[in-house]
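Student: I am new to this structure and would like to understand the terms used to describe it. Could we take them one at a time, with the definition beside each value?

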Amino acid sequence: MSNSTIIRFTGVGFSYGEQSVLNNISFTVDKGEFICLTGKSGCGKSTLLRLINGLLLRREGEIEILNKSIADWELHQLRRKMGYVLQEGALFPHLTAYQNMCYCLNLIKRDAKDSEERINELLPLVNLDRSVLKKFPDTLSGGQRQRVGILRAIAHNPEIVLMDEPFSALDAETRMNLQDLVKNIHQKLNTTFVMVTHDIDEAKRLSTRIIHMDAGRIQTTLNESPSDL
Ligand SMILES: Nc1ncnc2c1ncn2[C@@H]1O[C@H](COP(=O)(O)OP(=O)(O)OP(=O)(O)O)[C@@H](O)[C@H]1O
């Protein structure tokens with residue numbers, strides 16, 4: 001594994017029970033890339049993402065993350081190296097926006113003052129006003145919820161940020177704003193992103209590379225903005 005390769009899949013297969021979902025998946029991701037996983041509904045994108053952070057355990061082949069086989073990682077340690085953004089932010093409903101933002105920082109035992117400083121530093125990056133901090137998720141707009149979710153995912157300075165259709169529930173304008181915001185975060189923090197999207201235009205706007213899947217296999221990997229998708 002080269003020094004800059006931080007994710008490597010070699011011949012990975014996965015099944016839910018009898019249903020084979022991923023077949024012979026091999027690819028690498030280098031530090032600092034922004035990968036978009038595209039492909040039709042049901043082709044296995046989210047399953048692949050869940051294998052990266054050990055939410056699912058692979059059945060065949062080998063997965064290496066940060067130069068170590070996933071089998072050798074303590075999963076809670078591995079997940080501290082990652083941030084995860086899901087649809088609509090997937091915030092904890094009983095926690096305020098601020099408490100949600102602190103969630104991963106608490107896991108790595110940052111003290112309260114450090115956490116507060118970190119969050120104050122990141123608020124402008126996700127374009128959120130301090131007035132949201134005391135609010136509960138159900139009183140935030142969809143865009144605000146997703147900004148909180150993004151801040152939570154990057155607050156502990158993860159090596160890899162995984163995003164699963166993060167903007168799919170948003171209106172077109174908010175979606176564009178958040179795409180710009182994530183692009184800016186990627187450039188500023190030099191973190192590696194792997195994002196699932198079914199939206200090819202979104203993938204072209206954000207990614208440094210597109211991995212296009214079809215029926216559980218990687219069909220094409222495209223470095224340039226693809227015109228044939
Ligand atoms: N927990 C599960 N148990 C059983 N089958 C599942 C489970 N999760 C997903 N599947 C099946 O695995 C296949 C791949 O699902 P996956 O969610 O990875 O696809 P996807 O490409 O992310 O789809 P979408 O774009 O619709 O989210 C689908 O046929 C789906 O029904």
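Tutor: Let us begin with a pair of residues: V12 stands opposite I25 in β2. This is a predicted model, in which local features need pLDDT of at least 70 and side-chain atom pairs count only at pLDDT 80 or more, while totals for chains, interfaces and linings use all residues. Residues are numbered from 1 along each chain as its sequence is written.

Student: What makes β1 and β2 a pair of strands?

Tutor: Strands are DSSP runs of E with at least two residues, helices are runs of H or I with at least four, and both are numbered from the N terminus. Two strands pair if DSSP finds at least two bridges between them. Strand β1 (residues 5-16) and β2 have 8 bridges, in the antiparallel sense, so by the definition they pair.

Student: Which strands stand at the edges of the sheet that holds β2 and β5?

Tutor: That open sheet has 4 strands in the order β2-β1-β4-β5, with antiparallel pairing. Its edge strands are β2 and β5 (68-69), each of which pairs on one side only.

Student: Why is one side of β6 and of β10 left without a neighbour in the sheet?

Tutor: Here the open sheet has 6 strands, in the order β6-β7-β8-β3-β9-β10, and its pairing is mixed. β6 (82-85) and β10 (217-222) stand at the edges with a single partner strand each, so one side of each has no neighbour in the sheet. Within this sheet, strand β7 (residues 160-164) and strand β8 (residues 192-196) pair in the parallel sense over 5 bridges, and D164 stands opposite V196 in β8. Helix α5 (residues 142-154) packs on the sheet, where it touches β6 and β7.

Student: Why is α3 called roughly parallel to α5?

Tutor: The axes of helix α3 (residues 97-107) and α5 come within 6 Å and cross at roughly 25°. Axes are lines fitted to C-alpha atoms, for helices over the stretch in contact, and angles run from 0 to 180 degrees between N-to-C directions. Angles under 35 degrees count as roughly parallel, over 145 as roughly antiparallel, 65 to 115 as roughly perpendicular and the rest as oblique, and α3 is therefore roughly parallel to α5.

Student: How do you know which residues of α3 and α5 meet?

Tutor: Two residues are in contact if their C-beta atoms, placed from the backbone, lie within 7 Å. A97, N100, M101, Y103 and C104 in α3 meet V148, L151 and R152 in α5. These residues divide into 6 nonpolar, 1 polar and 1 charged, where Ala, Val, Leu, Ile, Met, Phe, Trp, Tyr, Cys and Pro count as nonpolar, Asp, Glu, Lys and Arg as charged, and the others, Gly among them, as polar.

Student: What makes α3 and α4 roughly perpendicular to each other?

Tutor: α3 and helix α4 (residues 112-122) pack at an angle of about 115°, with their axes 10 Å apart, and they are therefore called roughly perpendicular. Y98, M101, C102 and L105 in α3 meet S115, R118 and I119 in α4, a contact whose residues divide into 5 nonpolar, 1 polar and 1 charged.

Student: Which residues are the closest around the ligand?

Tutor: The closest are Y16, S41, K45, S46 and T47, in a shell of 13 residues; a residue is near a molecule or strand if its C-beta atom, placed from the backbone, lies within 6 Å of it. The elements giving two or more residues to this shell are β2 (19-30) and α1 (45-52), and α1 gives the most, with 3 residues.
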